[in-house]
Amino acid sequence: MTARLIDGRMLSHRLRANMARRIAVLAETGVTPGLAVLLVGEDPASAVYVGRKIKACASVGIRSHTERYPATITTEALLARITELNAAEHIHGILLQLPLPAHVDMARVLETIAVAKDVDGFHLYNVGGLVTGHTVFSPCTPYGVMKLLESEAIPIAGQNVVVVGASNIVGKPMALMLMAAGATVSICHAGTRDLAQYTIMADILVVAAGVPGLILPQMVKRGAVVIDVGINRLADGRITGDVDFAGVSARASAITPVPGGVGPMTVTMLLENTIMSAERRHGLIPDPRCIAA
Ligand SMILES: Nc1nc(=O)c2c([nH]1)NC[C@@H]1CN(c3ccc(C(=O)N[C@@H](CCC(=O)O)C(=O)O)cc3)C=[N+]21
């Protein structure tokens, strides 16, 4: 078997074309979705990611800007700026690029972002909302994975799903979203003893461990769907996922590449959340917190 390629760039392109139409509808009421991106410190990878997000915003017609702050910024100064952005009428989304310098109180800063503008879905309300099914914004990377599975018409309910990696921004929300869709979910770690005993059970295997080459062909069931969330930079500058792509492709029925799989979808779902925020703010769609459960 040679796995079908699940193409995140192609799906992103399709979804973004539809977004441009929604932005045209918003424009008729005089509204342009606005995103503020806060970048703290000099992490080169963060600067690259932020640059991609800004470019993607421009491509669909979202107004965005980056605010750069020195690594020495205080928690209080960041809180003060976020409070201003919370009140700014033309800003519908606030994204604080992670990681932050160690001295910044990340939890406090994330909890200060208005829930209605938390397009990253990192506020505790949104994290809790994922648990109960009342989230306002889903985090972009797992949301993008759900869209990829949906676009390929891959069934989720009743399937065995194994998530490798339990981070707050990918593994944990991913498991919750798949659980809500009716999957039987196992959450593993890169260090899980006999990891292969779990992964071999998976109808859908989602890998977000940050360990290049972690998933070998013999760890994958024949015909499984494999979603590689890993982004690892090799010494020569190229990036690679957590899955032995060539080997696993011979066993899986479908697989995401790195690059060109989940990464572009992360950016696309940020655009989706920002547009949704503007649509809610201006009454085009209901706010999930205002409707009866
Ligand atoms: N507050 C916050 N929100 C985030 O969403 C966030 C963050 N912080 N910190 C870092 C991670 C990482 N992340 C990626 C975004 C795009 C690609 C992406 O576009 N990847 C492309 C290109 C990869 C390349 O060539 O470097 C691909 O996989 O094809 C990857 C990773 C968002 N993150």
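Predicted model: local features only at pLDDT ≥ 70, side-chain atom pairs only at ≥ 80, totals over all residues.

Biologist: Which elements each supply at least two residues of the shell around the ligand?

Modeller: They are α2 (44–60), β4 (93–96) and α10 (262–281). The largest share belongs to α10, which gives four residues to the shell.

Biologist: How many residues surround the ligand, and which are the closest?

Modeller: There are 17 residues around the ligand, and L98, P259, G260, G263 and T266 are the closest. Domain 1 (27–122) and domain 2 (140–263) each contribute at least three residues to the shell.

Biologist: How far apart are the centres of domain 1 and domain 2?

Modeller: Taken over C-alpha atoms, the two centres are separated by 28 Å.

Biologist: What is the overall make-up of the chain in secondary structure?

Modeller: The chain has ten helices and eleven strands. Its radius of gyration is 19 Å, close to the 19 Å that the globule rule gives for 293 residues, so the chain is as compact as a globular protein of that length. The C-alpha trace spans about 55 × 40 × 35 Å along its principal axes. Of the contacts between residues at least 6 apart in sequence, 68% join residues at least 24 apart.

Biologist: Where does UniProt place the feature "binding site"?

Modeller: The UniProt record, an unreviewed entry, places this feature at G165, A166, S167 and I231. Two of these positions can be examined in turn. G165 is situated in the loop between β5 (160–164) and α7 (171–180), and S167 is found in the loop between β5 and α7.

Biologist: Why is G165 counted as buried?

Modeller: The general idea is a count of neighbours: a residue is buried if 20 or more other C-beta atoms lie within 10 Å of its own, exposed if 12 or fewer, and partly exposed in between. G165 is buried because 23 other C-beta atoms lie within 10 Å. Beyond residues up to four places away in sequence, G165 touches V170, G171, H189, A190, V207, A208, A209 and G210.

Biologist: How many other C-beta atoms lie within 10 Å of S167?

Modeller: There are 14, so S167 is partly exposed. Apart from its neighbours within four places in sequence, S167 is in contact with K172 and A208.

Biologist: Is α7 mostly covered or mostly exposed?

Modeller: α7 is mostly covered, with eight of its ten residues buried. These include G171, K172 and P173. The buried residues of α7 pack against α5 (124–132), α6 (140–151), β5, β6 (184–188) and β7 (204–207). After α7 comes G182, whose phi is positive, near 95°. For the chain of 293 residues, 43% count as buried.

Biologist: Where does G51 lie, and how is its surrounding to be read?

Modeller: G51 lies in helix α2. With 13 C-beta neighbours inside 10 Å, G51 counts as partly exposed.

Key: Residues numbered from 1 in each chain as written. Near = placed C-beta within 6 Å. Domains from an automatic or database assignment. UniProt positions renumbered as here; feature names shortened; annotations may be inferred. Contact = placed C-beta atoms within 7 Å. Rg over C-alpha atoms; globule rule 2.2 N^0.38 Å.
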